[in-house]
Amino acid sequence: MDTAVAIDVRLARALREARHVAVLTGAGISAESGVPTFRDALTGLWATFDPRELATPAGFRRNPKLVWDWYAARREQLREVAPNPGHDALARLEARVPRFLLATQNVDGLHARAGSRRLVELHGNIARVRCSRERGRIVATWDEPADEPPRCPSCGAFLRPDVVWFEEDLPVDALVAAEDAARACDLMLVVGTSGEVYPAAALPQYAADAGACVVEVNPAPTPLSRIADHALRAPAGVALPALVRAAWGEDVMPA
Ligand code: APR
């Protein structure tokens, strides 16, 4: 992995002087932690499926056990991974800025494990399991039947991961907080997202429309690149520590 990225002094100053920073992250920030994206996670039994077949209410209705097992396998994988210097840099940045909100599309829980506190999980969290009938009923323990997902102890409906599937609404409080922060921030970091899934992908446009400085951190260009004032074409685990160092001269401890 390349270990250096040049930070424009105007960007370093804009970040240092920002009073309100908003951040949107996607699967790319967890790539260096070894968390497979949807496509990569479709290995073995699930290699023949498309995420839109599994990560949808219809997919779960069609084959609840297959979908339950796919998420259970991904929960197991997450036990082996850890936050990377990109997650750590955002946790350090949060402590430096008067107003800060990190909105993530990721369901892997790595931002919270890195110490981020002013955080909203737009697409839920794979470590949480809920009743498939009552959205707010989180279930902490369950027995694993052999041929179907476990059932809700309260109403008997199948349990499911507490994540947002395609065609489902995002948690309202999280989305409103993320939209408010996008409209009020001086600077928005857009990290590791292809910018193709709405409503999360609309957040950078809200920030740009409100006059914020928009910074894309992604080795590759995306549909959001056209609204970015700065682009750091490097992995997040390299670019974010370099950005924090350039703004405040501090090193980010390795994960
Ligand atoms: N650092 C930064 N960005 C990276 C890195 C890295 N090390 N590696 C890859 N990327 C970028 C890719 O270039 C790509 O633009 O991360 C982005 C990942 O895009 P997606 O896999 O589409 O992930 P994301 O944008 O989070 O997807 C949004 O779609 O799959 C659904 O609900 C799911 O939350 C997900 C949503």
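In this predicted model, the second largest cavity holds about 30 Å³ of space. The residues that line the second largest cavity are Thr104, Asn106, Asp108, Gly109, Leu110, His111, Ala112, Leu119 and Glu121. Sorted by class, the lining of the second largest cavity comprises four polar, three nonpolar and two charged residues.

Two cavities of 30 Å³ or more are present in the structure. The largest cavity has a volume of about 40 Å³, and its lining consists of Ala22, Val23, Leu101, Leu102, Ala103, Ala178, Ala181, Met188 and Leu203. Strand E1 (20–25), strand E2 (99–104) and helix H9 (172–184) are the elements that give two or more residues to this lining. The most, three residues, is given by E2. The lining of the largest cavity has nine nonpolar residues, with no polar and no charged ones.

Helix H6 spans residues 64–78 and has 15 residues. The distance from the first C-alpha of H6 to its last is 21 Å, close to the 21 Å expected at 1.5 Å a residue. H6 is mostly covered, with eleven of its 15 residues buried. The buried residues of H6 are Pro64, Lys65, Leu66, Val67, Trp68, Trp70, Tyr71, Ala72, Arg74, Arg75 and Leu78.

Definitions and conventions: Residues numbered from 1 in each chain as written. Predicted model: local features only at pLDDT ≥ 70, side-chain atom pairs only at ≥ 80, totals over all residues. Heavy atoms only, no water. Helix = DSSP H or I, 4+ residues; strand = E, 2+ residues; numbered from the N terminus. Expected span 1.5 Å × (residues − 1). Buried < 20%, exposed > 50% of the residue type's maximum accessible area, 1.4 Å probe, protein only. 1 Å grid on protein atoms, 1.4 Å probe; cavity = no way out; pocket = protein on both sides within 12 Å on 5 of 7 lines; lining within 4 Å. Points joined across faces, edges and corners; volume = space filled by probe spheres on them. Nonpolar A, V, L, I, M, F, W, Y, C, P; charged D, E, K, R; others polar.
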